[in-house]
Amino acid sequence: MNQTSRDGFTSSFGVLVATLGSAVGLGNIWKFPSLTGANGGAGFLLVYLLATLLVGLPVMIVETMLGRAARANAVSAFDRVAPRRQWWWKSIGWMGFAAALLILAFYSEVAGWVYAYVFKAMAGQIATTDRQVAGAVFAELVANPLSSLLWQWVVLAVTGSIIMFGVARGIEAVTRRLMPLLFILLLVLCARSLTLPGASAGLSFLFSPDLAKITPAVVLTALGLAFFKLSIGMGCMLTYGSYFRDNQNIPLTATRVMFADLSVSLLAGMAIFPAVFAFGFEPAAGPSLVFMTIPAVFTAMPGGTLFMTLFFILTAIASVGAMLSLLEVPVAILSERFGLGRKRASLTTIAAVAALGVPAALSSSLTSDLKVLAMNPFDLFDFLSSNVLLPLGGIMVCLFVGWVYGLPEMARQLSNDGALRNQRLVSVVFLLVRFVAPLSIAAVLLHGLKLF
Ligand code: TRP
């Protein structure tokens, strides 16, 4: 592989947008509210914020750094930065390969629901503040095996045809223009939700923590969310990092993306929870929460149908940016390591996701009783990837950088060979990845999985 002919981002702004496009997605609009609702609200949010700052951000910085230093896919990267080292460092990339497929299998299904809701919104079928009606519409969608599969395949066809041609102009240009619109729409939604009668109960659910609700399992879920949100722990940021420019300020880019991503999640939370309490929805409704609540807020405002449609379109677009970054992990591995060619690598990946996606898509119908660890395939894939593989990948990356790669090389990489004066910052990040992050991830993982 020739470095100069390798694909890559073309401008500093392009890097920022693509990285943000990877971070912002269904994680903010669907996962963050569902998990916050199901895990007791503000206490969960607090732990999630801590996990993001103390673990997520440092891991994001060093993972991206490894990618840029190696300029290769997630598997080959460790051959380059860890030549002649133990085999297990090289397994990080393969773990990422597996995690990417697992995440895509359920993520594409949720994206399918979003696509379906674009049409339901247009047809006025979800314009209701009645939780019974809203719940029935969602239940009907997911209980139908055929439409579940078809929507997932539509999503895979869309993202597959984009990834095949590289990220280039298409998606980068689209997300760059439309993401700000999603942000504005969320602000409008918040304003409406916050002025609903009874909205304050939602705010206190979101912002006044009840420490008793913070159990080890809750902490593990919050940590998993922090990884999921920042697209770290499975080689995704590593792969994107390999497309970064040499003079990109990695710590700064990561910090900006983290803050922007957090604000989208918080906006989504503030759009949803006041409405949950105002209209009497169940905060712990799980994956269906957003699909019932958001339409209710729009229904309660003028021009609802139009804005609701727009909202689901923008969410669909956000999901595309995130899925592309997930797809890029296996696609880069397959094309660079097996010489498959971009097109064949993309098709192989899409086919694998489609196959794994079948049990996930049918989790509310045909495979609902197919339980492993008391979870249906959809929940199992989500749990295994977010709560097991991502933290595990995160630990390995931290241990590798903290104990094998070392501070001098890290300082050289993160300062762009001395061009940036960020030594103090780099030392702090180093301490976090050498001690704080791996120890806390290990403790949370073992406790949360009830292994000790
Ligand atoms: N961060 C994205 C979201 O919140 C999802 C995502 C993209 C992701 N790439 C990833 C999650 C890599 C884990 C790992 O929607």
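I will talk about the ligand and the residues around it.

Please keep in mind that this is a predicted model, in which local features need pLDDT of at least 70 and side-chain atom pairs count only at pLDDT 80 or more, while totals for chains, interfaces and linings use all residues. Residues are numbered from 1 along each chain as its sequence is written, and side-chain values use heavy atoms, with hydrogens and water left out.

Around the ligand there are 16 residues, of which Ala23, Gly27, Tyr107, Phe228 and Lys229 come nearest; a residue is counted as near if one of its heavy atoms lies within 4 Å of the molecule. By class, this shell has ten nonpolar, five polar and one charged residues, where Ala, Val, Leu, Ile, Met, Phe, Trp, Tyr, Cys and Pro count as nonpolar, Asp, Glu, Lys and Arg as charged, and the others, Gly among them, as polar.

Now to the polar contacts, meaning here pairs of N or O atoms within 3.5 Å. A polar side-chain atom of tyrosine 107 lies 2.4 Å from an oxygen atom of the ligand, and a polar backbone atom of glycine 27 is 2.9 Å from a ligand oxygen. On the side of serine 231, an N or O atom in the side chain is 3.2 Å from a nitrogen atom of the ligand. The protein covers 100% of the 360 Å² of accessible area that the ligand has on its own, as computed by the Shrake-Rupley method with a 1.4 Å probe.

Definitions and conventions:
Polar contact = N/O pair within 3.5 Å; in protein donor to acceptor, adjacent residues only side chain to side chain.
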